[in-house]
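Here is a short briefing on a predicted model. Please look at the sequence and the structure first, then read the points below.

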Amino acid sequence: MKKQFLFLFLLVVAVLTTAAYHIINENWVLFRKAESHFARKEYSEAIPLYQNALKEGSDKPEIITHLAQAHLASGNVAEGRRLYEKLMTEQPDNLAAFFALADAFSISGQFVEAVRLYREILKRDTHNRIARIRLARVLVWSGHFHEAIEEYKKVLGESV
Amino acid sequence: MKNPKDRSVHRMVAPAVLLISLMGILPCGTGQIDLSTAAQQESRVPAVKAPEIVTTESKEEIPDWLARWELARVLSYVKKYDESVMEYKKLIREKPSLVEAKIEMANVMYWQGKMSDALKELEAIPVRAMTDKTRVLMADLYVHQKKYDLAESLYRSYLDKNRDDLKVRLKLAETLSWSRKYDDSLAEYEKILSVKPSDAQVRRKYAFVLIWAGRHSDAARELRSTLK
């Protein structure tokens with residue numbers, strides 16, 4: 001009888017705790033669900049969940065970053081760009097946001113914008129090797145070979 | 001050995017523990033983590049992989065040798081051939097198994113007009129590692145050195161796979177004529193002219209081979225037809 005009571009007690013505790021957790025931490029639950037979809041590259045499922053998490057009051061940079069990435073990956077470049085620009089304004093030291101948007105611009109062939117952002121990263125972090133190589137690549141793709149050569153030489157520590 | 005009483009307690013408690021774990025109470029599920037500690041948690045577990053649109057190359061993924069390769073290529077685009085070859089040589093010293101880089105360097109040497117150097121590089125590459133395009137380049141270099149038989153063999157092996165490439169067939173036809181294999185050369189010209197009968201330049205070259213083969217009246221007829 002005692003064992004049955006213990007089992008029932010634990011069951012009730014489990015149900016109540018889970019229910020309470022979902023009510024109290026709704027935005028966290030939404031975020032985790034969105035993250036699961038995001039990890040499986042189910043961006044159209046992840047986007048509304050991230051948006052709900054934002055509506056529920058959470059403005060964590062992780063949510064905005066992943067929402068922006070999900071928008072970019074599903075082809076909503078304008079919305080992805082808007083979110084990244086918001087993030088970059090609010091957190092000018094968040095280089096990941098600059099990188100992500102610069103990459104998105106270079107992939108979509110907006111080389112001028114991509115070059116501007118990679119240069120912004122290099123202003124903040126002169127020794128950022130990855131930014132310099134990506135800048136060099138975008139310069140090649142946009143036909144600015146001489147500038148690209150300068151950047152590659154800087155990466156390799158050769159005199160320009 | 002556990003007594004039967006203990007085992008029955010385990011039988012009772014185990015499903016409850018499992019159920020509770022599944023519902024997110026025990027810290028084996030992600031639902032346990034408070035939002036404020038999410039960042040800390042994520043720094044410990046592998047981050048969610050970014051979608052393909054966001055490149056995630058780490059420092060290790062763009063090594064110096066790759067940057068040097070890209071530099072060597074760009075230098076060749078702006079015709080800085082000496083510098084390009086210098087970078088290719090540094091790259092190959094670091095990565096001697098990069099056959100593709102050796103072929104590219106040979107190409108740059110060819111554009112530089114350094115035919116012997118280019119050929120030397122290509123001859124060091126195993127034939128099976130060569131692309132069709134490389135075989136044509138090597139054949140062109142043999143032609144430049146008047147090694148027509150070697151060139152012929154490479155052009156033919158290329159044309160076996162690329163029958164419709166008339167530019168290379170024309171190279172073969174010319175090479176055969178220079179090695180005085182007029183009948184073979186004329187046969188190749190005829191194949192080209194059957195596809196492009198109105199190509200006056202090819203027909204004139206064909207006419208010259210007819211002359212060299214002693215078929216003057218045929219040559220006259222062909223030349224006349226290009227003047228109409």
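Apart from neighbours within four places in sequence, B:Ile192 is in contact with B:Leu166, B:Arg169, B:Leu170, B:Ala173 and B:Val202. Two residues are in contact if their C-beta atoms, placed from the backbone, lie within 7 Å. This is a predicted model, in which local features need pLDDT of at least 70, side-chain atom pairs count only at pLDDT 80 or more, and totals for chains, interfaces and linings use all residues. Residues are numbered from 1 along each chain as its sequence is written, and chains are lettered from A and ligands numbered from 1 in the order in which they are written.

- B:Ile192 lies in helix 10 (residues 182–195) of chain B; helices (H or I, at least four residues) and strands (E, at least two) are DSSP runs, numbered from the N terminus.
- B:Ile192 has 20 other C-beta atoms within 10 Å and is therefore buried.
- A residue is buried if 20 or more other C-beta atoms lie within 10 Å of its own, exposed if 12 or fewer, and partly exposed in between, with C-beta atoms placed from the backbone.
- From C-alpha to C-alpha, B:Ile192 and B:Lys167 are 9.0 Å apart in space, and they are 25 residues apart in sequence.
- Helix 8 (residues 148–161) of chain B holds B:Ala151, which is buried, with 26 other C-beta atoms within 10 Å.
- Leaving aside neighbours within four places in sequence, B:Ala151 is in contact with B:Ala139, B:Tyr142, B:Val143 and B:Thr175.
- B:Ala151 and B:Arg135 are 16 residues apart along the chain, and their C-alpha atoms are separated by 8.9 Å.

**Helix packing in chain B**

- Two packed helices are described by the angle between their axes and the distance between the axes.
- Helix 3 (residues 64–77) of chain B and helix 4 (residues 81–94) of chain B pack at an angle of about 160°, with axes 8 Å apart.
- Axes are lines fitted to C-alpha atoms, for helices over the stretch in contact, and angles run from 0 to 180 degrees between N-to-C directions.
- Helix 3 of chain B and helix 4 of chain B are therefore roughly antiparallel to each other; angles under 35 degrees count as roughly parallel, over 145 as roughly antiparallel, 65 to 115 as roughly perpendicular and the rest as oblique.
- The crossing of helix 3 of chain B and helix 4 of chain B is left-handed, a term for a near helix turned anticlockwise from the far one by less than a right angle, with right-handed used if clockwise.
- Residues making this contact include B:Trp65, B:Trp69 and B:Leu75 of helix 3 of chain B and B:Tyr81, B:Tyr88 and B:Leu91 of helix 4 of chain B.
- By class, the contact of helix 3 of chain B with helix 4 of chain B has eight nonpolar, two polar and five charged residues.
- Ala, Val, Leu, Ile, Met, Phe, Trp, Tyr, Cys and Pro count as nonpolar, Asp, Glu, Lys and Arg as charged, and the others, Gly among them, as polar.
- Helix 4 of chain B also packs with helix 5 (residues 99–112) of chain B, at an angle of about 160° and with axes 10 Å apart.
- That angle makes helix 4 of chain B roughly antiparallel to helix 5 of chain B.
- Among the residues in this contact are B:Val85 and B:Ile92 of helix 4 of chain B and B:Met105 and B:Val108 of helix 5 of chain B.
- By class, the contact of helix 4 of chain B with helix 5 of chain B has 10 nonpolar, two polar and two charged residues.

**Loop residues with positive phi**

- B:Lys79, in the loop between helix 3 and helix 4 of chain B, has a positive phi of about 65° although it is not a glycine.
- B:Lys79 is partly exposed, with 13 other C-beta atoms within 10 Å.
- B:Lys146 sits in the loop between helix 7 (132–144) and helix 8 of chain B, and its phi is near 60°, a positive value in a residue other than glycine.
- B:Lys146 is exposed, with 10 other C-beta atoms within 10 Å.

**Chains and confidence**

- Chain B has 12 helices and zero strands, and 29% of its 228 residues count as buried.
- Chain A has nine helices and zero strands, and buried residues make up 37% of its 160 residues.
- The mean pLDDT of chain B is 79, and 74% of its residues reach 70 or more; pLDDT is the predictor's confidence in each residue, from 0 to 100.
- Over residues 12–60 of chain B, pLDDT stays under 50.
- Where pLDDT is low, the predicted coordinates should not be read in detail.
- The predictor gives the complex an ipTM of 0.71 and a pTM of 0.65.
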